[in-house]
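I opened my notebook today to look up a few things in a new structure. Come along and follow the entries with me.

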Amino acid sequence: TSYPVSGHADIPGVADPSASAKLKIVQGQVSDDLTVEDIIARYPGLESSDDDELEEALRELHNACYSQRETLLAAEALLVPRFHGSASPEVKRGAFRAWANLVDNQVRPDHLRLLTDFAAQEHDSRMTREILTAVAKFAEEGTLPMLQRLSQHPDASLRADLAKELWHNARDDFPGKREVLNQLVGDADGGVRAAAVGALSGGYREDAALLRWIAGLFAQDPDPEVQAACVAALSLAHHNGLGDVSLGVFEAALQSPHESVRSKVADSLSFQPEAAAPRVVRIVERLLADPSEEVRRDMAFQVANLEEFPEVVALGQRAAESDPSLRVRARAITALAHAMPVQPLIAFYERLLANNPSEDIWNAAIRGADRQIKEPVARAFLEKLAAQDSEMGAYARGRLAQN
């Protein structure tokens, strides 16, 4: 049998996403090890001649491998012919992806030979990226030579993907990982260098010497992608006693001519400790006065994550009331719902709405109040608006209906 399942995410500052899916319930197995016949009975689409059904079965099998890998090993006999012989790129890719997930952590020499032979064939970029994932997953079992070759791939986007795959899918302690990343951080392409910086900082964030080197790289490498990656890499450096180092880089980044670098500072401030408040508040003030609307908007959004710094509230209110961009004002209005106590928050919203605001403004205030819907004063505010015969009232009624 199956059941419809719906999910709804409450994310500050953005439209709340939702999705539905069908959850299929299947009969459990008594035996730990399933035969090929058992697996086909569970996933009949694996034998389908319809590509859509086959792709869905491959997705289900791939996902099942996370929790049932040991019981599904017999499926390898079904998957290998699919990614070697299918005419459909989607089926080929789905079968290979499921196979790599199936044998992960149980890789044998014959698996490595199969991967090496398959990787040597001509593939489109999407399949090549699946191969990158598999090579990174199998790193501890012996794919270092493949990683080294891939680090020289002529496609810079694939070299960047290799760095990301090493971060996410290869253990930090396997010999050779850091050496490959060190090679990529010296790549001629800025995007590759940035990806390598992210992978190094993500995997070795406790290495204070590495973090100091990244701070130095910010000053040496003018590429905006690299500089943004350096800023992000230092967002937690205070845990290693390098708070002054990271804040110094953030302050230097404010002078960057590149919006992406200045915006990355806004994204990185929420991790700072309370002791850094004077410098953090000055950085927030600078970013909320940035000449770029996008940078100000990004900083306004992050006000929601700076509740540890009460001085930021006044800056957020100023942006909400007087920024020349309606988009920035709206973003700040909603963000304040997470930075202010609910009573003064609702009083602030009431003052905004008393001045006959535009749709962007009342829309943002209603979304902000909705974030605090469990508080009686916020619900009462929405109910008062919902009683109005207007577009604003209709929007408030819609929000109340969801709660």
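This is a predicted model: local features need pLDDT of at least 70, side-chain atom pairs count only at pLDDT 80 or more; totals for chains, interfaces and linings use all residues.

**Entry 1: helix α2.** I started with α2, which covers residues 51-68 and has 18 residues. From first C-alpha to last I got 25 Å, close to the 26 Å expected at 1.5 Å a residue. Then I checked the start of this helix, where a side-chain oxygen of D50 comes to within 3.1 Å of the backbone nitrogen of D52.

Which residues of α2 are buried? I found L54, E55, A57, L58, L61, H62, A64 and C65. I looked up their neighbours too: the buried residues of α2 pack against α3 (76-85) and α4 (89-103).

**Entry 2: K177.** Next I moved to K177, which sits in helix α10 (residues 177-184). Is K177 buried or exposed? I noted K177 as buried, because its relative accessibility is 0%. Its side chain makes a polar contact of 2.6 Å with the side chain of D172. Leaving out residues up to four places away in sequence, I listed what K177 touches: L166, W167, A170, R171, D172 and Y204.

Entry 3: Last, I turned to the second largest pocket, with a volume of about 270 Å³. Of the 13 residues lining this pocket, A119, A120, Q121, L150 and H153 are the closest to its centre. I saw that α5 (109-119), α6 (125-137) and α8 (144-150) each supply at least two lining residues, and α8 gives the largest share, three residues. I sorted the lining into six nonpolar, five polar and two charged residues.

Methods. Residues are numbered from 1 along each chain as its sequence is written. Side-chain values use heavy atoms; hydrogens and water are left out. Helices (H or I, at least four residues) and strands (E, at least two) are DSSP runs, numbered from the N terminus. The expected span of a helix is 1.5 Å times one less than its number of residues. Buried means under 20% relative accessible area, exposed over 50%, partly exposed in between (1.4 Å probe, protein chains only). Contact means heavy atoms within 4.5 Å. A polar contact is a pair of N or O atoms within 3.5 Å; within protein, one must be able to donate a hydrogen and the other to accept it, and residues adjacent in sequence count only if both atoms are side-chain atoms. On a 1 Å grid over the protein atoms alone, a cavity is a set of points where a 1.4 Å probe fits but cannot get out, and a pocket is an open set with protein on both sides within 12 Å along at least five of seven lines; lining residues have an atom within 4 Å of a point. Grid points are joined across faces, edges and corners, and a volume is the space filled by probe spheres set on the points. Ala, Val, Leu, Ile, Met, Phe, Trp, Tyr, Cys and Pro count as nonpolar, Asp, Glu, Lys and Arg as charged, and the others, Gly among them, as polar.
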